[in-house]
Amino acid sequence: MKNIFKYLFFASLFAGIATGCEKTEVLPFYKSGTAPSLSSSTSTIAAIPADSSKSIITFSWTNPAYAADSATSKYVLQMDTTGGNFAKATSRTVVGTTSTSYTAKEINDIMLGYGFTHGKTYGVDVRVISSYGNNNDQLASNTIKLQVTPYKIPPKIPVPAELIIVGSATIGDWSNPAPTAAQEVAQKFALIDETTYAGIFYLNGGKQYLMLPETGKWDHKFGGTSKTGGELLVDGAVPGSNTPAPDASGWYKIVVDFQTGFYTVTPVANEVPMNLYGIGDATVAQWDNTAVGGQSIARKNSIWFEGDLPLSGGKNLKFISTLGQWQPQFGKGDSDGLLGANYGGGSDPNTISIATDGTYKIKVDFLTNTYTVVKQ
């Protein structure tokens with residue numbers, strides 16, 4: 001037994017000596033660099049489609065002087081909307097070089113990706129973050145500010161000739177066309193510019209809907225996965241086929257931008273009436289709110305009413321939505337052209353003054369809450 005213990009003792013001693021003699025490599029220590037200083041070749045970008053393939057801006061920055069081969073230094077250039085704090089930044093990574101350039105198309109695509117409108121100028125923040133190649137010692141540069149005006153490109157999704165909404169979330173349910181002519185008109189979007197449709201609809205909370213490019217057909221459809229808006233999906237790309245309505249029932253503005261391929265859904269405070277009538281001493285019915293004769297203004301879609309009325313000069317005009325009722329009532333708001341309203345319980349809007357006798361084209365827009373009264 002003594003011999004066994006003696007053997008174990010010398011074996012352990014030998015192992016300890018062997019381990020102690022093994023040389024351990026010292027890990028290298030790299031000092032911190034210096035935050036890079038960023039600059040750009042221009043601070044204003046207003047390109048045109050013909051410039052799409054041209055390099056229009058170059059970003060340059062100083063070497064952070066890391067304690068390693070500069071060819072391994074990593075740089076991430078970030079862009080975000082001014083005030084966005086780079087929370088939704090687009091990024092480009094370059095290694096071993098202290099500059100990078102963008103074409104007009106690259107910048108334009110980034111701007112349109114933020115939902116920016118072509119022809120309008122926006123503020124953009126840019127910075128670069130440097131690091132060792134393994135992402136250690138990240139250092140952010142100064143932030144520079146650009147003024148960028150996107151240019152118009154062909155729409156991401158071809159613009160349909162019309163757009164309607166159907167579904168269990170709508171007043172017409174899944175009927176296509178809608179059950180009545182009035183409901184069919186109320187479920188139409190209005191084309192508010194070359195590539196954008198908008199509408200105001202009552203949506204049943206927790207239900208579903210689709211947007212169709214042609215009344216009475218199911219061949220094509222548009223929709224999305226978000227209750228509040230997002231990427232516009234087409235035909236079979238619509239997951240589950242239907243778009244979820246917001247949780248709460250109410251009136252919502254839906255804007256569909258075929259230029260960028262996005263839609264938005266936002267609540268609105270007031271409803272859009274099914275009908276609209278001119279009333280006042282300028283009309284043939286005077287102030288009789290039960291008479292129809294020549295007062296009706298046709299509804300064109302979910303947001304617009306438009307029609308011609310014979311009106312008397314030196315008199316006054318308002319609008320009501322239900323015969324025999326004084327509210328909802330519409331008229332002049334804070335200034336000419338702005339629509340004032342009393343949906344009940346508030347103060348009535350001012351009257352609209354008519355200068356001279358004649359036939360007037362009237363348009364009332366519940367999307368922008370404006371009106372026009374133009375003599376023909």
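Which residue just after H2 takes a positive phi? In this predicted model, where residues are numbered from 1 along each chain as its sequence is written, local features need pLDDT of at least 70 and side-chain atom pairs count only at pLDDT 80 or more, while totals for chains, interfaces and linings use all residues. Side-chain values use heavy atoms, with hydrogens and water left out. The residue in question is Gly 115, whose phi is about 85 degrees.

The protein holds 3 helices and 28 strands, where helices (H or I, at least four residues) and strands (E, at least two) are DSSP runs numbered from the N terminus. Its radius of gyration is 33 Å, well over the 21 Å that the globule rule gives for 376 residues, so the protein is more spread out than a compact globule; this radius is taken over C-alpha atoms, and the rule is 2.2 Å times the number of residues to the power 0.38. Along the principal axes, the C-alpha atoms fill a box of roughly 125 × 60 × 45 Å. Buried residues make up 39% of the 376 residues, with buried meaning under 20% relative accessible area, exposed over 50%, and partly exposed in between (1.4 Å probe, protein chains only). The accessible surface comes to about 19,200 Å², of which 53% belongs to carbon and sulfur atoms; such areas come from the Shrake-Rupley method with a 1.4 Å probe, and for residues only the protein chains shown count as cover. Of the contacts (heavy atoms within 4.5 Å) with a separation of 6 or more, 64% are accounted for by residues 24 or more positions apart.

Helix H2 contains the buried residues Ala 104, Ile 107, Asn 108, Ile 110, Met 111 and Leu 112. An α-helix has 3.6 residues a turn, so residues three or four places apart point the same way. Glu 106, by contrast, is partly exposed, with a relative accessible area of 33%. Arg 92 and Glu 106 form a salt bridge in which the closest N and O atoms are 3.3 Å apart, the term denoting a side-chain nitrogen of Lys or Arg within 4 Å of a carboxyl oxygen of Asp or Glu. This pair links distant parts of the chain, since Arg 92 belongs to strand S5 (residues 90–95) and Glu 106 to H2 (residues 104–113), 14 residues apart. Arg 92 is partly exposed as well, at a relative accessible area of 22%.

By the same rule, the count of salt bridges comes to 9. Another of them joins Lys 145 to Asp 125, with the closest N and O atoms 3.0 Å apart; Lys 145 is in strand S9 (residues 144–148) and Asp 125 in strand S7 (residues 122–131), so that distant parts of the chain, 20 residues apart, are linked. Asp 125 is buried, with a relative accessible area of 7%. In the salt bridge between Lys 227 and Asp 247, the closest N and O atoms are 2.6 Å apart, and both residues lie in loops, Lys 227 between strands S14 and S15 and Asp 247 between strands S17 and S18. Lys 227 is partly exposed at 33%, whereas Asp 247 is exposed at 60%.

An open sheet is formed by 5 strands in the order S11-S12-S18-S19-S15, with antiparallel pairing; two strands are taken to pair if DSSP finds at least two bridges between them. Strands S11 and S15 are the edge strands, each pairing on one side only. Within this sheet, S12 (residues 196–203) pairs with S18 over 8 bridges, and Leu 203 has Gly 250 of S18 as its bridge partner.

Cis peptide bonds join Asn 176 to Pro 177, with omega about 5 degrees, and Gln 327 to Pro 328, with omega near 0 degrees. Pro 177 lies in the loop between S10 and H3, and Pro 328 in the loop between S23 and S24. Phe 86, a residue other than glycine, has a positive phi near 60 degrees and is placed in the loop between S4 and S5; Phe 86 is buried, with a relative accessible area of 13%.
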